[in-house]
Amino acid sequence: MQIELKSPFDAHLHLRDGAMLETTVPASAEQFAGAIVMPNLQPPLTDRHTIDSYRARIEAIGGESFAPAMTLFLTPSHTPADIEALKGVISAVKLSPAGSTTHSEKGLHDLVNNHSFMAVLEAMEAMDLPLCVHGETGDFVLDREAAFAPTYRALARRFPKLRIVMEHLGSRALLPLLDEQPNLYATVTLHHLLLDLDALLGGMLRPECFCKPVIKTPADREALQKVVLDAHPKIFFGSDSAPHPQADKARGAAGIFSAPVVLPALAGFFEQHDALDRMQPFLSDRARDFYRLDLPDRTVRLKKDPWRVPVSYGGVTPLFSGERLIWRVVDGA
Ligand code: NCD
Ligand code: ZN
């Protein structure tokens, strides 16, 4: 038995920089034909020069079979002209409200009443450039996504032609927005789909399962599974794979390094639900249409050949570290 995927695409990926690229780029390029690459480096990617040179560093390792689609980290000082000048350079703009997650300090504070932000969104709407949002407020940690719903709704209504992605959706409270607002879409991660708080807190604390937004309740996980298995047309895969060195994890850094296990673990999930035919649209077609991507033409094959996930990749503990997975990527050419 074999699974074949045409040009799988990861619509939300943190590759980091420097020496870590030697680990992260091959881990994703083995399984994916490309990715929406997140801009929250230190300092973040806020202009054309830093975006272009970062892209070149990724391409130097990933080669032609992995296409990085770049994003801009939106700060309060960006103007509509800045965004217009990036036409053809970026595939999306990333909004990480200040304080919401790792390296978001330079992000925006006030959203809906922020005039310069509104002007930027107006320009993006005219350019048909998608906005990717880390939708969390400063409320109680498990309520942060749900509490962001009014902001999503307000932005979607005010800019009806702006396509907005609710990134790494983890709360079932946000799901109705997909059907309510035509211009709202969502990415779903491997970890929010398969895990709930028990994985993080139910036994020994497992830092490799800690991320923002935090994985939530069984009811949230089941609701996400349902919409993914029902092939919701506005949901596509984005891993939010976000590695941190073990020392940073020990200090509590949020981010799950899932890249090495994504396709094998998802194959297990879809097989278990007798839904292997849903993988292709979830893992490539819908994101490709949404971002209008011209991806490298690749066929990635998986077969049943159990393997044990290494405990470390270049000093980073992966999701499912040391666990046995049934499916294995055998050919990504
Ligand atoms: C991400 C990171 O480490 O860059 N962390 C995370 O917990 N998901 C940032 C993000 O996407 O929120
Ligand atoms: Zn992320």
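Why is the arrangement of the 4 donor atoms around the zinc ion (ligand 2) irregular? The donor atoms subtend angles of 93 to 145 degrees, which makes it so. Four donors count as tetrahedral if all angles lie between 85 and 135 degrees; four count as square planar and six as octahedral if opposite donors are over 155 degrees apart and all others between 65 and 115; anything else is irregular.

This is a predicted model, in which local features need pLDDT of at least 70 and side-chain atom pairs pLDDT 80 or more, while totals for chains, interfaces and linings use all residues. Residues are numbered from 1 along each chain as its sequence is written, chains are lettered from A and ligands numbered from 1 in the order written, and side-chain values use heavy atoms, without hydrogens and water.

Start at the zinc ion (ligand 2). Its protein donors are His12 (NE2), His14 (NE2) and Asp240 (OD), lying 2.0 Å from it. Donors are N, O and S atoms within 2.8 Å of the metal (3.2 Å for Na, K and Ca); water is not among the atoms, so sites may look incomplete. Along the chain, the donors follow the spacing H-x1-H-x225-D. Histidine 12 lies in strand β2 (residues 9-13), and aspartate 240 in the loop between β9 (235-237) and α10 (246-250), so the pair ties together parts that are 228 residues apart in sequence. Helices (H or I, at least four residues) and strands (E, at least two) are DSSP runs, numbered from the N terminus. Both histidine 12 and aspartate 240 are buried, meaning under 20% relative accessible area with a 1.4 Å probe, protein chains only (exposed is over 50%, partly exposed in between).

Now move to serine 258. This residue sits in the loop between α10 and α11. Leaving out residues up to four places away in sequence, serine 258 touches Leu190, Ser239, Ser241 and Leu319. Contact means heavy atoms within 4.5 Å.

Next comes α11. Of its 11 residues, 8 are buried, so α11 is largely enclosed by the rest of the structure. Among them are Phe269 and Phe270. After α11 comes aspartate 274, with a positive phi near 50 degrees.

Last, look at the sheet. It is open, has 3 strands in the order β1-β10-β11, and pairs antiparallel. Two strands pair if DSSP finds at least two bridges between them. The edge strands, β1 (2-6) and β11 (324-331), each pair on one side only. β1 and β10 (residues 299-308) share 5 bridges.
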